[in-house]
Amino acid sequence: MGGDGFCSVAVCSGLAEAPRGEYGPRVLARKGCALRIIETNTAPNPRRVRIFLAEKGISVPFEQRDLMAGELKAAGFTDINPMQRVPVLVLDDGTIISESVAICRYFEEVQPKPALFGTGAVGKAIVEMWQRRAELGLFFHIAQAFRHLHPKMAHLEVPQIAPWGEANKDKALDIMEIFDRQLGKERFVAGEDYSIADITALVAIDFLKPAKIDMPCGLAGLERWYREVSARPSALA
């Protein structure tokens, strides 16, 4: 993260406005502000937040925790997030916000444009609908296959249940066909505008490789969409 055109965002007293950028004031930080995101930079959920922030043009300090080394189960981290998951957003006043989409919603309120949760009553509802489908239909099943079948996850997913992992592979393939039909009609997952639903779906599709799931051939809509969203600069976040 970082680079020209990015801003540091915080909710601190004594804020000084930075120069306006494409989407308005880019301000919102002061020296000594403790705002940060705790993450594991190789994990898929933190990547969702990083892509979201890149689309917004927002830069936030990151603090790393080694998921595979068990650092999320340490007492100090459990005090921060009893779910023992990353990412976690820590605000300057000590407020803790965990869960990827909750963190993204916070930043959507801080900087509404570009709108990544939709606009208007119908637009927001459609983005929410497809975000839920991307998360609970696609991302969840791919993640379950990974967590229950990958040998390196055995010490974190206790017990690993191989038949459940295999069953989730088939569920992921089924939902990919639904997304393919949608993307045969629409440019992006929830319509003509890029949204949080695209971010979740992109991270899910990229997670097929470590989960050892092959995307079926012939999903032209999904493949076209994947090429387009993977080419966005935010995809490298």
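Setting aside residues up to four places away in sequence, Glu108 touches Phe52, Lys56, Pro114, Ala115, Leu116 and Phe117, where contact means heavy atoms within 4.5 Å. This glutamate is placed in helix H3, residues 100-110; helices (H or I, at least four residues) are DSSP runs numbered from the N terminus. Glu108 is buried at a relative accessible area of 9%, with buried meaning under 20%, exposed over 50% and partly exposed in between (1.4 Å probe, protein chains only).

The model is predicted, so local features need pLDDT of at least 70 and side-chain atom pairs count only at pLDDT 80 or more, while totals for chains, interfaces and linings use all residues. Residues are numbered from 1 along each chain as its sequence is written, and side-chain values use heavy atoms, with hydrogens and water left out.

Asp180 is buried yet lacks a salt bridge, that is, a side-chain nitrogen of Lys or Arg within 4 Å of a carboxyl oxygen of Asp or Glu. The nearest side chain of opposite charge, Arg181, is 6.7 Å away. A polar atom of the Asp180 side chain does, however, lie 2.8 Å from the backbone nitrogen of Gly221. Beyond residues up to four places away in sequence, Asp180 touches Leu219, Ala220, Gly221 and Leu222.

Turning to the cysteines, Cys104 is buried, with a relative accessible area of 1%, whereas Cys217 is exposed, at 79%. With a disulfide taken as a pair of cysteine sulfur atoms within 2.5 Å, the count comes to 0 disulfides.

Conventions: Helices (H or I, at least four residues) and strands (E, at least two) are DSSP runs, numbered from the N terminus. Lys and Arg count as positive and Asp and Glu as negative; His and the chain ends are not counted. A polar contact is a pair of N or O atoms within 3.5 Å; within protein, one must be able to donate a hydrogen and the other to accept it, and residues adjacent in sequence count only if both atoms are side-chain atoms.
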